Amino acid sequence: MDIAAAMERATGASREAMGISSPNPPVGAVILAADGTVAGVGATQPPGGPHAEVMALRAAGRAARGGTAIVTLEPCNHTGRTGPCAQALIDAGIAEVQYAVSDPNPLAAGGAETLRAAGVRVTGGVSAGAVEDGPLRPWLTRQRLGRPHVTAKIASGIDGRIAAPDGTSQWITGPQARDHAHTQRARIDAIVIGTGTALADNPTLTARTADGALHPHQPARVVLGHRDLPADARLRDPAGGPLVRIDSHDPADVLAALPDALWVLVEGGPHILGAFFAAGLVDEVHAYVAPLVLGAGRSSVEIPGVTTLEDGQRFSTRSVTRLGEDVLVTLSRPSTTPRDS
């Protein structure tokens, strides 16, 4: 397998760690034997568990000696809950390491130098752009800004309406768009709504598969606002992630209450989304757009104080994906794109 293909496979493995590895970065690793065949694949385990390199080395066994390690993030160089991955690669007899992104954390950085000092060939920056824009993106935001990566999720018709005048909103988007949204939920740390949405919709905010089963990882369910939830609210169902109540309307209080979170998804309602936008805390937008025109009803976002076009917030389009009859538009705030930092 060539290096590019191996890095793509390592990136795929890192997606499996999203949500479960927090606050550690979701890293993927592939060990290529000396003959170029895949000997092991690994991903970061929950905190306290092995890192991706160690998992891949375990899978590779003796085939790791003289081989090449492909890693999405520079191997760590410090001892925390686990030992340094750079030393584990040296001890396993790895001859070469190729990694995508240099570790910006000063406590963990320096793995490349340690490997080179031990005679290991090291190359950094391999497919860095794709990895930065992929699974490592939320962790890099936290490293840079000291807070979670915040994504605003909107599901609307093409006129931006999220509900009809009578309040009906299920379902604006089709099954493929909903399945995609649930897959994203299974990779995040927390999902945020306001008490108005919680009381009106009585959601579960769980991450479910297409057949209704729960994904192994469930995000924390955060409800922002002063009103209490009824005893029988579905958000209290212990089958989902932990329920976090925040008696405030300040988005900063949400992020402060999630010190280990890497990726937070804000689903609404319009005023909660507007508060995050107004505070400048939205790094990314996932806009699921259905081929539907309502012409009236609730708007997707309500930002206070916007009176002219110049008051609006512009984002850069990262991708457009068709999901059945719907379209997912993914946008990023230009100033928070990792490669621009």
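Start by selecting Leu224 and Ile246: Leu224 stands opposite Ile246, which lies in β10. Keep in mind as you go that this is a predicted model.

**The strands around that pair**

Now colour the whole sheet. You will be looking at an open sheet of eight strands with mixed pairing, in the order β10-β9-β8-β11-β6-β12-β15-β14. Its edge strands are β10 (243–246) and β14, each of which pairs on one side only. From one strand to the next, the twist averages 20°.

**Two helices on the sheet**

Next, select residues 175–185 to bring up helix α7, which packs on the sheet. Helix α7 touches β6 (149–157), β8 (190–194), β11 (263–268), β12 (284–290), β14 and β15 (326–332). Look along its direction, which makes about 160° with that of β12.

Then go to residues 270–278, helix α10, which also packs on the sheet. The strands touched by α10 are β6, β8, β9, β11 and β12, and its direction makes about 135° with that of β11.

**The largest pocket**

To find its centre, select Lys153, Trp171, Arg185, Asp201 and Glu267, the closest to it of the 30 lining residues. Which elements each supply at least two residues of the lining? They are β6, α7, α8 (195–201), β11 and α10. Helix α7 gives the most, with five residues. Colour the lining by type and you will find 13 nonpolar, nine polar and eight charged residues.

For the largest cavity, with a volume of about 50 Å³, select Met18, Gly19, Ser22, Pro26, Pro135, Pro138, Arg187, Asp189, Leu262 and Trp263, which line it. This lining divides into six nonpolar, two polar and two charged residues.

**Last stop: Ser300**

Finish at Ser300, in the loop between β13 (298–299) and β14 (316–323). Is Ser300 buried or exposed? Ser300 counts as buried because its relative accessibility is 13%, and the cut-off for buried is under 20%. Show its surroundings and, leaving aside residues up to four places away in sequence, you will see that Ser300 touches Ile154, Gly160, Ile162, Pro270 and Leu273.

Definitions and conventions:
Residues numbered from 1 in each chain as written. Predicted model: local features only at pLDDT ≥ 70, side-chain atom pairs only at ≥ 80, totals over all residues. Heavy atoms only, no water. Helix = DSSP H or I, 4+ residues; strand = E, 2+ residues; numbered from the N terminus. Buried < 20%, exposed > 50% of the residue type's maximum accessible area, 1.4 Å probe, protein only. Contact = heavy atoms within 4.5 Å. Pairing = 2+ DSSP bridges. Axes fitted to C-alpha atoms, helices over the stretch in contact; angles between N-to-C directions. 1 Å grid on protein atoms, 1.4 Å probe; cavity = no way out; pocket = protein on both sides within 12 Å on 5 of 7 lines; lining within 4 Å. Nonpolar A, V, L, I, M, F, W, Y, C, P; charged D, E, K, R; others polar. Points joined across faces, edges and corners; volume = space filled by probe spheres on them.
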